[in-house]
Amino acid sequence: MKRSYLLIFLIIFFGIIFIGRLFQLQIIEGSTYNPVKNVAVKVVYDFPERGYIYDRNNKLLVANQLSYDVMVVPNEVEPLDTLEFCSFLKIDKDDFKKRLDKAVKYAGWLPSVFLKQLAKQDFAYLQEKLNKFKGFYIQKRIIRNYPIKSAANVLGYISEVNESIAKNSSEYEQGELIGAWGVEKQYEKVLRGVKGKKYLQRNNRNKIIGSYKDGQYDTVAIPGKDLTLTIDSDLQVYGEKLMKGKRGGIVAIEPSSGEILALITSPSYDPNLMVGRKRKKNSFILFNDTINKPMIDRGLQAQYSPGSPFKIINGLIGLQEGVIDENFYVYCNHGYRYGRRKNAFMRCHCGIVGRPIRFKTAIAKSCNTYFATTYRKIIDKFENPSIGMDAWSNHAKSFGLGNYLGYDLPSGQKGRIPDGQFYDNNYKFRWGATTTISNAIGQGEVETTPIQLANMTAAIANRGFFYTPHIVKKIANQFIKDSTYTVAKKTTIQEKYFPPVIDAMQEVFKTGTGRWSQVKGIEMCGKTGTVENFIRANGVKKQLPDHSIFVAFAPKENPKIALAIFVENGGFGSVVAAPIASLLIEKYINKKISKASKYREAKVLKTNLQSVYNLQIQKPDSIATRTK
């Protein structure tokens, strides 16, 4: 009797367990069930076409091309003629073992890339032979193609998903492609689309017998969305051409929208080098080129002293704080003395001695004495230097300086605009305006990136506001609506103080340091800059050619383009950077270069600074810069 009760109890007990488990699988977990984890199911992926990328004028920048990968599912591999298989794939036996071991380590039941991106002729031949090698198959993929061979720093590239990403993501499998830099990375979710999946049922002999559960879990691939960039590819290509043989960065912005018209870094590379089976080899070469550094986007990542263009900001702050007006003047005796020490003297090359220098002339002739005086009056206006420095810093930062701008690209640097706390922390003595006087001329502790300078110039062109710079104009043919890029940011300077500054910047092209770079019919406003550059090697201080800087916008009214140019070791800003700026402005506004400007174009194209850069290959002890 007891045995029969025990038997009944066991039947009921195990029945409850069985029913509970069945309920869990079908009801609770049914909606989230992943058939990939079922060894009796094979999954076949249908990779979507990645979104195309166009410039602002609908010129194709990034297209797709078919690629063929040899895939392996380790658990399905049967004994094979290794030598024959290796001869088909043009690899050796050690390479075969290494690749297979890597696939086993990743996941024996999941497909992974065994050999990527076969040549078309190899694919046609191998497709006929591969069915005799169980566990291996060919997977079609989409890889990139760059028709224009330009803007590599903007577009970025795609690379393979590694083991770490795959194990921590439900969206990617090892060997798939993912955006790794530039627009490809920043807009990965938009561009990649959604891969389709087809689940196939295996029998007990591991043979495919049909669709798993009548295709209940199958999904269709969804293509990626196309992007339209703000870039003008004609301007981009032309700028890259002008920068050949030079190092530096150029950023051009449309002031009325914040759209980036050109983002140039030099030297750069052909984006097609980062596609195909040679990508790994080319990547190693490019990333390890520590001399030219082609993988660094100098327009976003390089931090330079802004030099004389920063004098415009000090002039605006001086006007806003009421310490100067348009008629305020100084006398310049070849420089500005700010202390009793012999070396407490800031040299000036404005060339005006014995007569008063007012605001407009100070900007046009780039007078250090005028802006050193203005800076000192700003700091000394307040209760103590730290408070004065905070006020000065807040004004400068309102132009987008000293912080990340928030643009839609994955790389960049903050630059630096010091405040009172910065100097309180770094100086253990009583400091004041004269301690930090180099800030007056865009030197000292001030550092900016080319995109920050271009944005600053756009804010001046707009008379006191700017839109956050951005690189994408449309997604799937729909204009972006993100308020980050569509709502204007105001500076702390009142609009009424900008006209005299803009008049002075126009004077730079009429009678000042940019007069040789005028373009007939275009009212241009700008400011040159030259930063002295010193290197100390083996204990010896040596001066190298100056860095060349120029900021400009045009036309004066209703400006269409604002830009910043930085050419490392390019010499005076009026000699190298200014002609490049005028050529780019003319190219963008007039869509061509006039005969009158051809001599300027030829001179820029002829300028090659590689011999200067070769002098710096020797590792320096230190580098210092000073603004003229």
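The chain has a mean pLDDT of 86. A pLDDT of 70 or more is reached by 91% of its residues. Among the elements, strand S10 (residues 227-229) has the highest mean pLDDT, at 97. Strand S24 (residues 622-627) has the lowest, at 47. Over residues 620-624, pLDDT stays under 50. The model has 16 contacts beyond four places in sequence for this stretch. Where pLDDT is low, the predicted coordinates should not be read in detail.

Strand S10 pairs with strand S18. The pairing is antiparallel and runs over three bridges. Within it, Thr228 stands opposite Lys474 of S18. S18 also pairs with strand S19 (residues 478-479). Here two bridges join the strands, again in the antiparallel sense. Lys474 has Phe479 as its bridge partner in S19. S18 and S19 form a hairpin, with two residues between them. Ala476, in the turn, has a positive phi of about 55 degrees.

Lys473 lies in S18, which spans residues 472-475. Its relative accessible area is 15%, so Lys473 is buried, the cut-off being under 20%. Beyond four places in sequence, Lys473 is in contact with Thr228, Leu229 and Thr230, among others. Its contacts also include Arg56, Gln478, Phe479 and Ile480. Glu259 is another of its contacts.

Glu259 and Lys473 form a salt bridge. Their closest N and O atoms are 2.9 Å apart.

The model contains 18 salt bridges. Another joins Asp380 to Arg376, with the closest N and O atoms 3.8 Å apart. Asp380 and Arg376 are separated by about one helical turn because they are four residues apart in helix H13 (residues 368-380). Asp380 is partly exposed, with 46% relative accessibility. Arg376 is partly exposed as well, at 30%.

Glu557 and Arg463 also meet in a salt bridge, at 3.5 Å from N to O. Glu557 lies in the loop between strand S22 (540-554) and strand S23 (561-567). Arg463 lies in the loop between helix H16 (450-461) and strand S17 (465-466). The pair therefore ties together parts that are 94 residues apart in sequence. Glu557 is partly exposed, with a relative accessible area of 47%. Arg463, at 18%, is buried. Elsewhere, salt bridges that share partners join Arg50, Arg144, Glu184, Glu188 and Arg192 into one network.

Val330 is found in strand S13 (residues 329-330). Its relative accessibility is 7%, so Val330 counts as buried. Val330 contacts Arg355, Pro356, Ile357, Thr369, Tyr370 and Thr373, leaving aside neighbours within four places in sequence. Val330 and Lys473 are 143 residues apart in sequence. Their C-alpha atoms are 47 Å apart in space.

Ile12 lies in helix H1 (residues 2-28). Ile12 is partly exposed, with a relative accessible area of 49%.

Note on methods: Residues numbered from 1 in each chain as written. Predicted model: local features only at pLDDT ≥ 70, side-chain atom pairs only at ≥ 80, totals over all residues. Heavy atoms only, no water. pLDDT = per-residue confidence, 0-100. Contact = heavy atoms within 4.5 Å. Buried < 20%, exposed > 50% of the residue type's maximum accessible area, 1.4 Å probe, protein only. Pairing = 2+ DSSP bridges. Salt bridge = Lys/Arg side-chain N within 4 Å of Asp/Glu carboxyl O.
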